[in-house]
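Visitor: Could you walk me through the structure shown here, and tell me for each term how you know that it applies?

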Amino acid sequence: MQDNEQSWLERLSMESWQAEMVISGVAIFGSFQLFDGVRSLIDWFYFSLPGSFMYIAYFLGFYLFIAVAVLCMSFLGHFIVRSIWIASIGLESVYPEIRRDNDTYSPHFMDQLLRQFPSFKDFNGELDRVGSSILAFALMLVMVFIGIGCLIGLALLLGTITAMFLTEEAGLKVSLVLLGIAALVTFINAALNSKALQNRAWVQKIHYPLTIRIGYVFANVFFRPHAYLSFIIRTNLDTKRYWKFMTVVMIGVAIISGSVFERTHILALMDDVYFRYDQRTDRLYSSNYLTESIDQELAFINPQIPSMVIHSAADLTLFLPIPEREERKIFLLCSEKEPSGIDDRKAARLARYNYRLACFKEQISIAIDDQPVEVIMKVYTHPHDSEPGLQYFFPGLELSTGEHQIVIRHLALKGEQEKIDRVPFIYLPN
């Protein structure tokens, strides 16, 4: 019975490459699709989180991008190695080894060649081992990335909930304390494994249980398979080979992530970039024009007008996205008194709506060519990707032929940095 079970396991391990190829092919496709999910999550961060949480959101978004790139690199590497292995196995069945006696190369050349490449079978065995190791490494990363992402997301969620009931500062402290504790414990655990400490008696008492508890936190439901995969890989690869492998992976990650990183709004989470958008007047930004925009798969975070060339003044409209980081400050600084004590639900809703409009009008200034203009403003959720914001119309607008510029001043943000959006357009009447 034991021999039959061992034979079955050996046969299964020898034929596992078929399942590996299927898993790897599906994983490659799925991993690259994850970039779209991360882009959507970053857009949600941009519109929904208070300003104080943007650095944590940036870190989480950047981490997720690197994590997805590592997965893509690992699964792609496995697929390539396995494809080479399949081709080599097929070739071995026809030509088992390099033939010394041939009419192409001299015996002296072949002797040197065979010293460097002695066994085709051993080479195929090495490819087999590398392919299986890469897949195990990729799945190990999947488990730990999900765990760490959940931990950071939990800290962000708890901080955001705290900010809803208290203040942004209190919520930010909750998130930073949770992340700080996790980082400190992880650093201490890594230090305990150093050559200088690992053999001390007090370290031997706490190092293993601490490592296991950290594993439960970061790998959570995947702890057991992650423990087997990670410890087997780490204990069978010496440090030099391990970091050589990691270097190759990181180079691949840089190539993959670099091709998609700029196609996101992750940098807009940072204050420096957020306040710098659309302040230049020497160029046109395609993201400001609906018909010319090349970023249709991304959320609209910049002001939008129909086109860079307007043929009728009546066609000029403006959509202005309003993220949570600005909306909070608008209502905080608004001089209007928030309505309260209205028993009738319909009347209360209307009073709330008018209060919001009054605050937006007070804290956001719209001008064309630095001249105030009459506007009709409505709170608007854009159908493109449900971006919250304001829709402006310009009744009775008169324009001269030529270049003009919409100037949007965000007065509620003036205390931090001055944020001014400038949207140039050309008026060419029919």
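Guide: We can begin with arginine 328, which is partly exposed, with a relative accessible area of 25%. This is a predicted model, in which local features need pLDDT of at least 70 and side-chain atom pairs count only at pLDDT 80 or more, while totals for chains, interfaces and linings use all residues. Residues are numbered from 1 along each chain as its sequence is written, and side-chain values use heavy atoms, with hydrogens and water left out.

Visitor: What makes the contact of arginine 328 and glutamate 324 a salt bridge?

Guide: The term asks for a side-chain nitrogen of Lys or Arg within 4 Å of a carboxyl oxygen of Asp or Glu. Arginine 328 and glutamate 324 have N and O at 2.8 Å, so their side chains meet the rule. Both residues lie in helix α11, four residues apart, about one turn of the helix; helices here are DSSP runs (H or I, at least four residues; strands are E, at least two), numbered from the N terminus.

Visitor: Which residue forms a salt bridge with arginine 352?

Guide: The partner of arginine 352 is glutamate 338, and the closest N and O atoms are 2.7 Å apart. Arginine 352 lies in helix α12 and glutamate 338 in the loop between α11 and α12, so this pair ties together parts that are 14 residues apart in sequence. Arginine 352 has a relative accessible area of 33% and is partly exposed, and glutamate 338, with 46%, is partly exposed too.

Visitor: What do the side chains of aspartate 36 and arginine 39 form?

Guide: They meet in a salt bridge, with N to O at 2.1 Å. Aspartate 36 and arginine 39 are three residues apart in helix α2 (residues 16-48), which means that about one helical turn separates them. Aspartate 36 has a relative accessible area of 38% and is partly exposed, whereas arginine 39, with 14%, is buried. By the salt-bridge rule the count comes to nine, and Arg100, Asp101 and Asp111 are linked in a network of such bridges.

Visitor: How do you know that cysteine 334 and cysteine 359 are joined by a disulfide?

Guide: A disulfide is taken to be a pair of cysteine sulfur atoms within 2.5 Å. For cysteine 334 and cysteine 359 the S to S distance is 2.2 Å, so the pair qualifies. The structure holds one disulfide, and this link is left-handed, with -85° about the S-S bond. Cysteine 334 lies in the loop between α11 (324-333) and α12 (345-363) and cysteine 359 in helix α12, so the pair ties together parts that are 25 residues apart in sequence. Both cysteine 334 and cysteine 359 are buried.

Visitor: Which residues make the nonpolar surface patch?

Guide: Leu154, Leu157, Leu158, Ile161, Met164, Phe165, Leu166 and Leu178 make a patch of about 810 Å². Patch members have over 30% relative accessible area and no salt bridge; like charges are joined within 9 Å, and nonpolar side chains (Val, Leu, Ile, Met, Phe, Trp, Tyr) within 5 Å. The areas come from the Shrake-Rupley method with a 1.4 Å probe, and for residues only the protein chains shown count as cover. Leucine 157 has 47% relative accessibility and counts as partly exposed, so its value lies over the 30% that the patch rule asks for. Leucine 157 is in helix α5, and helix α5 (residues 120-165) gives the patch its largest share, six residues.

Visitor: How much space lies in the largest pocket?

Guide: About 1,400 Å³ of space lies there. Of the 36 residues that line the largest pocket, His226, Ser230, Phe231, Arg234 and Tyr242 are the closest to its centre. Helix α7 gives the most to this lining, with eight residues. On a 1 Å grid over the protein atoms alone, a pocket is an open set of points with protein on both sides within 12 Å along at least five of seven lines, a cavity is a set where a 1.4 Å probe fits but cannot get out, and lining residues have an atom within 4 Å of a point.

Visitor: How many cavities of 30 Å³ or more does a search of the whole structure find?

Guide: The search finds one, and about 70 Å³ of space lies in the largest cavity. It is lined by 13 residues, of which Tyr46, Ile301, Pro321, Lys419 and Asp421 lie nearest its centre. For such volumes, grid points are joined across faces, edges and corners, and the space filled by probe spheres set on the points is taken.

Methods
Buried < 20%, exposed > 50% of the residue type's maximum accessible area, 1.4 Å probe, protein only.
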